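Please have the sequence and the model at hand.

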Amino acid sequence: MSVESVYELQGSASPDGEPVRTGHGVEALKRAFLDNLFYIQARFPEVASPRDYYHALACTVRDRLLHRWIRTARAYKDRHSRTVCYLSAEFLLGPQLENNLINLDIGANVGRAMRDLGMDLDLLVRQEEEPGLGNGGLGRLAACYMDSMATLCLPAIGYGIRYEFGIFDQEIRDGCQVEIADRWLRYGNPWEIPRPEITFNIMLGGHTEQQVEHDGRLRVIWVPGRIVRGVAYDTPILGYGVDNANLLRLFKSEAPEAFDFQAFNYGDYYGAVEDQIAAENLTKVLYPNDEPVAGKRLRLEQQYFFASCALQDMIRIYQQSGRPLADLAAKYVVQLNDTHPAIAVAELMRLLVDEHGMGWDEAWDITRHTFAYTNHTLLPEALEKWPLDLFARTLPRHMEIVFEINRRFLDEVRIRFPRDDERLGRLSLIDEHDKRYVRMAHLACVGSFAVNGVARMHTELLQRDVLADFHALWPEKFSNKTNGVTPRRFLRLANPPLAELITGVVGPGWERDLERLRGLEQVAGDTGFQDGWRRAKRTAKERLAALVRERTCTVIDPATMFDVQVKRIHEYKRQHLNVLRIVSCYNRLKAGLDGDMPPRTFLFGGKAAPGYFMAKLIIRLITGVAATLEADRQIRDRLRVVFVPDLNVRTGHYIYPAADLSEQISLAGKEASGTGNMKLALNGALTIGTLDGANVEIREEVGAENFFLFGHTVEEVARIRALGYRPWELYQRDQGLRDALDLVDSGFFARGDRTLFRPLVEALKSHDEYLVLADFAAYLDKQDEVGHAWRDEAHWTRMSVLNVARMGRFSSDRAVLEYAREIWRIEPVPIATASA
């Protein structure tokens, strides 16, 4: 397009009469795009880069979001709508352009507008930097729930941290994970609106003092060691098929004074900006390595920072209504997404008592009617505990408040359970064993009116084991809310061919009512429909194969079974069980056995925490096996392993639709729920898995005959451990297992280095914390069943169709509705559609 034609179009009125700023027609979109290219990016086409065009298009779409967002905010304010405030350390949003095009229903028109202007929409979409605001399931769940709350027209605000670098980018160098800074903000973020006028002072360290007020009341003054300032950044979250757009407000840390002019004049150039650097470090990185004390302190400061910013902002907004703070719990319900924001319980007490002059009893009544707590883990190490001395040094006033909450709480426990000192010790907010700790999950339970797990089995185990004493004390607080995923992103956006095929059978609208997928059952065995199903799967597999070749230079065959395990790398998720099975298959193929085994491509993906040695060693084993098999020309077309680096939401858009088999093989009783299992099944992958987390409910829904179950149950795991688990005996007894472990130990997959995988092998043979060896034989047997089922193409396809047809329960819309009705007690506030 010539400069002259651009100038001719730019700024002119839309021929169809639509406002350029908010219209959805092709002409209005073209003119808005050119306006933004000129006036936001300050570019003209001859010098504009693809990234300039992306930003211009993002701003064009954002204008249409803001039109709805402002109307939504006004309606919520005018109606004094009860609002859920969702506090989460992570919001793994994923790329936003395509998702917003779907929610606005303007994808076709935007595509046409870009073609008319000589643009490639797919190229522009690829320019988007994915926000690095989460690590895995927790952050993605928060994003799914924000999507569903807007879609269901539920008033909501998400609160979190605007990490400058977020989770690291993962590279694989010499087979090892290398963490690279995730510079997702380097080109700016067109979806956010800075709010420099919305700031809050956050105090850290120091000490407390007491003073007597003029009315004789004792008041505690926190004298901080330092102060940082939280600055708000807003992102609109639009619902699907509605005009509601909710608010995601993230906070960045800054110094109250960014520059010490006096220090600079004295020649102390570093000192002039030292405070600013220290303050900004607080929100630099998601989950700093907390092995050193400094890392622990930074992580605690992060959690307090965003919890305090959120609560101060809620009170600020509430006070604009002129209503008394005594009614705060009628306006807001605060959902704590895991234990990271649990410090908010003590912080709300501080704000109400110290800053707003309330008495303790009134403040505590408000607090315990405001918070609800979602637990996301059964792992003791993930139920955060802070060393008492670290907590007291970092948050001295909160230490006093926690002690007082604990004193009053334990008095209540003594009345309910007299002379039961052991119970008191188990329930106390302070762990008195050895080094003293503050138990954050206990604080969340005591300070919340509701506690929930995220899968039925998880909730049962919470009530029976992890939080058993709290359940005995307050059984009415506990409920289950099984997780869900948004079908808009993980089916409609990620898998257009399959989504189109589904619409052809069940009609439009299933994106908001996933139970309508049940209509697929009637065509599950239809030959013509199965052909279309397999074509959609083949398209997805070819798309993933192209990505794998681009990222790893490995060529994978879409005709093979794609056997997928993509999730955070952790021993309890047992990626090493999968690898040992691959090694066993390799041994058998080299020995001339398993000649009829269908060819498979094993795809792994996931990040290991930087300080988690064993998880990083598992990645090194996967890549070592992958390299060895790739070099073996006799085997590689039968057995190929690929580690897809830097797993994130965008990569998931490629992997979930392409998977044939979903590996959900964690040790029973360790996974809270999982959502990757749902995303994969929703796209037609069959599951091989244990009775863990949401696998139990998925198997019930899709049918036991459409799920490959193996492994010991929770009860059997407990019995094995009670009798004394001896993995060495299993190693000695099982020839195939021994051969696999010995080959790993020999250095065969480490270029002859016999020491590299020794820690992993020895851990498995000596104590095997997650019963990899105990489940090995059953896993191999079930994988043989998978191979037999794969050979029957029509039968496999029917199972795949039925998996998708029966996934309606696992929509995040269903989960959020349960929260809204049973915990939050909030009602939808639909925004009337306005003309553009």
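Is H442 buried or exposed? H442 counts as buried, at 12% relative accessibility. Buried means under 20% relative accessible area, exposed over 50%, partly exposed in between (1.4 Å probe, protein chains only).

## Basis

This is a predicted model: local features need pLDDT of at least 70, side-chain atom pairs count only at pLDDT 80 or more, and totals for chains, interfaces and linings use all residues. Residues are numbered from 1 along each chain as its sequence is written, and side-chain values use heavy atoms, without hydrogens and water.

## Around H442

H442 is in helix α17 (residues 440-447). Helices are DSSP runs (H or I, at least four residues) and so are strands (E, at least two), numbered from the N terminus. H442 touches R426, L427, S428, L429 and F470, not counting residues up to four places away in sequence. Contact means heavy atoms within 4.5 Å.

## Aromatic pairs

The whole structure holds 22 aromatic pairs. Rings of Phe, Tyr and Trp (its six-membered ring) pair if their centres lie within 6.5 Å; planes under 30 degrees apart count as stacked, over 60 as edge-to-face and the rest as tilted.

Y159 and F251 are stacked, 6.3 Å centre to centre with 15 degrees between the planes. The pair links distant parts of the chain, 92 residues apart: Y159 is in strand β2 (residues 156-161) and F251 in strand β9 (residues 245-254). Y159 is buried, at 0%. F251 is buried, also at 0%.

F529 and W533 are tilted, at 5.7 Å and 45 degrees. They are separated by about one helical turn because they lie four residues apart in helix α22 (residues 527-552).
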